[in-house]
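I opened the model to look up its fold, its core and its contacts. The entries are in the order in which I made them.

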Amino acid sequence: MDTDYQDDMTLARRVAQGETNAFEEFYARHADLVFAFVLHRVNGLRPDAEEIWQDTLVAAIRALPAYQGESRLSSWLCGIARRKIADHWRRSARMVQTVTAVAPDDLLQLMDGGALPAALLNQDATRARVVEALAELPADYRDALIARYADGDSVEEVAHRLGRTYKATESLLSRAKAALREALARI
Amino acid sequence: MHDQETPFEQNLHRLLRASIGPEARPLPVLREELRQKLSAQIRAQAGPAEFPAAVLAVFSGVALLAGAAWLATRLDFAVAADLPALAPLTVLLGVNYLCLTVACVIIILRRKHV
């Protein structure tokens, strides 16, 4: 087992044992991420995303005792979501399909080059790839990036939210950005 | 606001807001509903909390002493003299009742807190 995922293993075990605080932490960390992952994978169809999201988390709670830390907990949850999305389309008679478009290979170069085109930003494949990359990051990196860049908090506000000093938050954000770059390049 | 940011950071703002910003999150009502549902599922899955044996033993000991003391002040020794088996039996039953009551209350309280 990768020791990097020890925290995830501990959290999963505590949730499976019925610890209320652990469950609240698990839900706060992962519920929105899984929803975003599903939403972009089903082309932004909110009713479908809501149904699949609920199915995913119900199944995940049931399967938590089997989580062995083989991947990050958020990635493990995205794996369950992927299977639920496939089941959903199989059950439904509609011909709507899971996102098949591929985010451009040179996304990172495009991000370094200048403002990304709106068409690319609005593409579900791009958004799904970003969420998937976020799922691969440690929870504190992810929390910091979401607070700073998705919610638009200042560094001071992020520091306050995470209970860290300004300097420590700057350093955390810097490491988180580097890790996201790596994850985006990998996916 | 983002004048001093690199193009990468400016794009990160736009990408993360689009990917996982408020519009890509579940409705608060739905989020809360699912939270409650999962919380109940976890309680059902985990079952009752294991009762710590050490605490149970301490409480049983306290109950034993209290029960014995209480019974000693109330036993009719005249009756006990006629029926020698009655006194120890009464003590045993009284203590048993006390232990059961205390243990049950504690187990119920613990289950409520899980």
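**Conventions.** I am working from a predicted model, in which local features need pLDDT of at least 70 and side-chain atom pairs count only at pLDDT 80 or more, while totals for chains, interfaces and linings use all residues. Residues are numbered from 1 along each chain as its sequence is written, and chains are lettered from A and ligands numbered from 1 in the order in which they are written.

**Confidence.** I looked up pLDDT, the predictor's confidence in each residue, from 0 to 100. For chain A the mean is 90, and 91% of the residues reach 70 or more. Within chain A, helix α3 (residues 46-63) has the highest confidence, at 96, and helix α5 (residues 107-113) the lowest, at a mean of 85.

**Fold of chain A.** I took helices (H or I, at least four residues) and strands (E, at least two) as DSSP runs, numbered from the N terminus. Chain A has 10 helices and zero strands. Its radius of gyration is 17 Å, close to the 16 Å of the globule rule for 187 residues, so chain A is as compact as a globular protein of that length. The radius is taken over C-alpha atoms, and the rule is 2.2 Å times the number of residues to the power 0.38. The C-alpha trace of chain A spans about 55 × 45 × 30 Å along its principal axes.

I then checked contacts, meaning residue pairs whose C-beta atoms, placed from the backbone, lie within 7 Å. Of the contacts in chain A with a separation of 6 or more, 63% are between residues 24 or more positions apart.

I called a residue buried with 20 or more other C-beta atoms within 10 Å of its own, exposed with 12 or fewer, and partly exposed in between. On that count, 40% of the 187 residues of chain A are buried. A nonpolar core is a set of buried Ala, Val, Leu, Ile, Met, Phe, Trp, Tyr and Cys residues joined through C-beta atoms within 7 Å. The largest one has 60 residues, and A:V34, A:F37 and A:V38 have the most contacts inside it. Helix α2 (residues 20-41) of chain A gives the most to this core, with 10 residues. I listed the partners of A:V38, leaving out residues up to four places away in sequence: A:A49, A:I52, A:W53, A:T56, A:A81 and A:I85.

**Domains.** Chain A is divided into domain 1 (1-136) and domain 2 (139-187), with bounds from an automatic or database domain assignment. Their centres, taken over C-alpha atoms, are 19 Å apart. Eight residues of domain 1 are in contact with nine of domain 2. On the domain 1 side, α7(A) gives the most, with four residues. That side divides into four nonpolar, no polar and four charged residues. I counted Ala, Val, Leu, Ile, Met, Phe, Trp, Tyr, Cys and Pro as nonpolar, Asp, Glu, Lys and Arg as charged, and the others, Gly among them, as polar.

**Chains A and B.** I found 28 residues of chain B in contact with 33 residues of chain A. The largest share of the chain B side, 13 residues, comes from α1(B). By class, this side has 15 nonpolar, seven polar and six charged residues.

**A:S71.** I placed A:S71 in the loop between α3 and α4 (73-91) of chain A. A:S71 counts as partly exposed because it has 17 C-beta neighbours inside 10 Å.

Key:
Contact = placed C-beta atoms within 7 Å.
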